[in-house]
Amino acid sequence: MKAVNLFLLAAMIGIELILGVIVAPIIFYPKNFLGDGILNHYQSGILMTQIFIKMGYLLLIVSSINILFEVFSYFKEKINFKIKFSKLILSLIILILSLIFVFHFTEQIISMQKLGEQATISNKFSSIHSASEITLKIILISQVFLYFLSFKIDKK
């Protein structure tokens, strides 16, 4: 089960990195590849939102599996208490932030996009979008720490 949990965690880290580093720049700047007149920024945002909706569901599934694994491991593993506790808290932070990302930020972004292009160029939208990006970066950093902390085998 540990291998499956680490695989899912690593896969989620990879997905988040690919979406942020590769997919988003391509979606938001299609003119660099196809020329002008393809998609405007608003249309690109709608496409990217659809990608993040799907990623959000996956994030919730992996985060839920991860917290269940860490709770179970907390009582079973015979490793240093600090490591067990740190892993448990990190997995809890990841789950809470994942829930906030999916059910708060994504939902607000979707509802503002439904209001039209003007709503997406407001300061409120920009603030929500920036906060969602920061939340996802904190999730990613927490996942990386959790992943490498899982290899700590100091038994005490």
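Predicted model: local features only at pLDDT ≥ 70, side-chain atom pairs only at ≥ 80, totals over all residues.
View 1. Leaving aside neighbours within four places in sequence, S91 touches N66, I67, E70 and L146. S91 itself sits in helix 4, which spans residues 81-114.

**View 2. The side chain of S91 and the backbone of L88.** A polar atom of the S91 side chain lies 2.8 Å from the backbone oxygen of L88. Is S91 buried or exposed? Its relative accessible area is 0%. The cut-off for buried is under 20%, so S91 counts as buried.

**View 3. Helix 3 against helix 4.** Helix 3 covers residues 41-76. Its axis and that of helix 4 are 9 Å apart, and the packing angle is about 155 degrees. Angles over 145 degrees count as roughly antiparallel, so helix 3 is roughly antiparallel to helix 4. The two helices make a left-handed crossing. Which classes of residue form this contact? There are 22 nonpolar, 11 polar and 3 charged residues.

**View 4. The whole chain, for context.** The chain has 5 helices and 0 strands. Along the sequence, the pattern reads α-α-α-α-α. Along the principal axes, the C-alpha atoms fill a box of roughly 60 × 30 × 20 Å. The chain has 156 residues, and 42% of them count as buried. S91 is one of the buried residues. Take the contacts with a separation of 6 or more: 75% of them join residues 24 or more positions apart.

Key: Residues numbered from 1 in each chain as written. Heavy atoms only, no water. Helix = DSSP H or I, 4+ residues; strand = E, 2+ residues; numbered from the N terminus. Buried < 20%, exposed > 50% of the residue type's maximum accessible area, 1.4 Å probe, protein only. Polar contact = N/O pair within 3.5 Å; in protein donor to acceptor, adjacent residues only side chain to side chain. Contact = heavy atoms within 4.5 Å. Axes fitted to C-alpha atoms, helices over the stretch in contact; angles between N-to-C directions. Parallel < 35°, antiparallel > 145°, perpendicular 65-115°, else oblique. Left-handed = near helix turned anticlockwise from the far one by under 90°. Nonpolar A, V, L, I, M, F, W, Y, C, P; charged D, E, K, R; others polar.
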